[in-house]
Amino acid sequence: MQGNFSVLLAVPGGFRRPAANFGLPLVHMGYALDSTRLYRTHPPSGRGGVMAVDCTADYTGTPGALAAGAMRECTARGFTGIFLDREQPAGKALAAACTALERACSARGIALYVSPALAPYTRTAAVLVSTAVSGGTLERRMTDAAGRFGRGRIAMDIELMRADFTPPAPGGKGTALTAEAFDALVQRLHPNVFFSGDLCANYFTYRAGGRTHFVLFDDAWSIRRKLALGKRLGVRCAFLFYPEVEPFLPQLLT
């Protein structure tokens, strides 16, 4: 990617060696918080990139404990960034720890990325916003996020779309399809495929059981369009999840 926009590849333990062959900065999904401390969930591998921390647990430790542990790991592994991932709002201890970590990162020149649930406890961290939309427009989601969290703070979480919707699909929720189920459906239907510029995703329709089904899915082309939108909107960066996008990476990087 050109300019200041960058693409990072999030990799679970066990995928780091093949993922490294693509030359993108890696987000190492090998860390988590328990109630009081930061710990490794997978053996360390390689140097550089971003450490991703699963913050699902209810943290009750001191504010400085997370920052101290993260800084030690950054020094040991040469990490240039930290990503804190949590779906639910934080309790007081984790909120304070996020604020303390942001100060430590700023002092060390380390980038900080957070999921939207943790954004209120930081002032400058990049906020990962999912690109998986089934209604409205992706551009509106990104601009709304910029208005909520601050322009210049938004990063893209390229969440691969592969789902079957039966209108009216309350809440915009469809049935997730595995790669195998999706391929079988396409081979059975041989559908006409279209591209939605609003959603930045491919789609086709079919009928079954007297109902219309609407299938949204991503491929290399649609992911490219999402990345191009992010660059145009001034998004900081985009995270790709390696196991999902591995088949598309050769096309994305040419």
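Modeller: Contact here means heavy atoms within 4.5 Å. This is a predicted model, in which local features need pLDDT of at least 70 and side-chain atom pairs count only at pLDDT 80 or more, while totals for chains, interfaces and linings use all residues. Residues are numbered from 1 along each chain as its sequence is written, and side-chain values use heavy atoms, with hydrogens and water left out.

With neighbours within four places in sequence set aside, Val53 is in contact with Tyr31, Ala32, Leu33 and Leu38 on the one hand, and with Ile82, Phe83, Leu84 and Asp85 on the other. Val53 is also among the residues with the most contacts inside the largest nonpolar core, a list that includes Leu9, Ile82, Leu84, Leu101, Ile223 and Leu240 as well. That core has 67 residues, a nonpolar core being a set of buried Ala, Val, Leu, Ile, Met, Phe, Trp, Tyr and Cys residues joined through side-chain atoms within 4.5 Å. Helix 3, residues 92-108, gives the most to this core, with seven residues. Phe83, which Val53 touches, is included in a second, separate core of 12 residues, together with Leu8, Val27 and Tyr113.

Across the protein chain, buried residues make up 46% of the 254 residues, where buried means under 20% relative accessible area and exposed over 50%, with partly exposed in between (1.4 Å probe, protein chains only). Of the contacts in the chain with a separation of 6 or more, 61% are between residues 24 or more positions apart. At 9% relative accessibility, Ala10 is buried, and its C-alpha atom is separated by 8.6 Å from that of Pro25, 15 residues apart along the chain.

Helix 4 covers residues 138-149 and buries Leu138, Met142, Ala145, Ala146 and Phe149. Seen down the helix axis, these buried residues fall within an arc of 100°, so they line one face of helix 4; the arc is that of the directions from the axis to the C-beta atoms. The face turned away from that buried side carries the exposed residues Arg140, Gly147 and Arg148. What covers the buried residues of helix 4 includes strand 7 (126-130), strand 8 (154-158) and helix 6 (220-233). After helix 4 comes Gly150, with a positive phi near 120°.

Cys200, with phi near 55°, sits in the loop between strand 11 and strand 12 (201-208) and is buried, at a relative accessible area of 5%. His190, with phi about 50°, lies in the loop between helix 5 (179-189) and strand 11 (194-196), and is exposed, at a relative accessible area of 64%.

Key. Helices (H or I, at least four residues) and strands (E, at least two) are DSSP runs, numbered from the N terminus. The expected span of a helix is 1.5 Å times one less than its number of residues.
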